[in-house]
Amino acid sequence: AASKKNLLRIKSVRTCFPSVPPNCFCRKPSRMTNVNISLPSEYGWVILTGVLGSMFVHLYLGSFVKKARTQHKIELPTLYAVDNDAFNCVQRGHQHFLENQTFWLVAHFTGGIQHPIISSVAAVVYLIGRIFFMRGYATGDHKKRAYGSFGYIGALAMLVCSTSFAITLLRN
């Protein structure tokens, strides 16, 4: 009776979606395995660099924007000034950090499970790069943002750590 019920369900789904191949609903479930992950004690460095480092850099870069708003008399909620490139460079430097925050934090926290020290050092390099990026951008010459280019080495290292961990999980 149970298989007849499932067959009925499959037929009704096929009636609603005739383009779906007939064997689509009858496949065996994929192999499911439990993965136990233990965090190494060094993972504390990952948390410190990810949470505290990120918060510090965010506040530091935000202080540039606050100072520029006062200096150029740009009131909130104006995000970008129409005729003030110097302010826009500062705002853009901070915005760039925020736009990339999700990527690097995910890469950092996942890669840090298997490679906590490498990922933490990479995060510090990335965060210092963001500071130099902002300091260059804040000059008003957008080309000087390249001062922080070395931070991408840290981002790449975190990506490699994260990819390495993903491959390790897939092989198990």
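Reply: I'm calling it a salt bridge when a side-chain nitrogen of Lys or Arg lies within 4 Å of a carboxyl oxygen of Asp or Glu. Keep in mind that this is a predicted model, where local features need pLDDT of at least 70, side-chain atom pairs count only at pLDDT 80 or more, and totals for chains, interfaces and linings use all residues. Residues are numbered from 1 along each chain as its sequence is written, and side-chain values use heavy atoms, with hydrogens and water left out.

Me: OK, how many salt bridges turn up in the whole structure?
Reply: The search finds 1. R92 pairs with E99, and their closest N and O atoms are 2.9 Å apart.

Me: How exposed are R92 and E99?
Reply: R92 is partly exposed at 24% relative accessibility, and E99 is partly exposed too, at 46%. Buried means under 20% relative accessible area, exposed over 50%, and partly exposed in between (1.4 Å probe, protein chains only).

Me: Switching topic: what's in the largest nonpolar core?
Reply: That core has 21 residues, and W104 and M158 have the most contacts inside it. Its contributors of two or more residues are α2 (43-72), α3 (85-114), α4 (116-137) and α5 (151-171). A core here is a set of buried Ala, Val, Leu, Ile, Met, Phe, Trp, Tyr and Cys residues joined through side-chain atoms within 4.5 Å. The helices are DSSP runs (H or I, at least four residues), numbered from the N terminus.

Me: And what does W104 touch?
Reply: Leaving out residues up to four places away in sequence, its contacts include F97, Y126, L127 and M158. Contact means heavy atoms within 4.5 Å.
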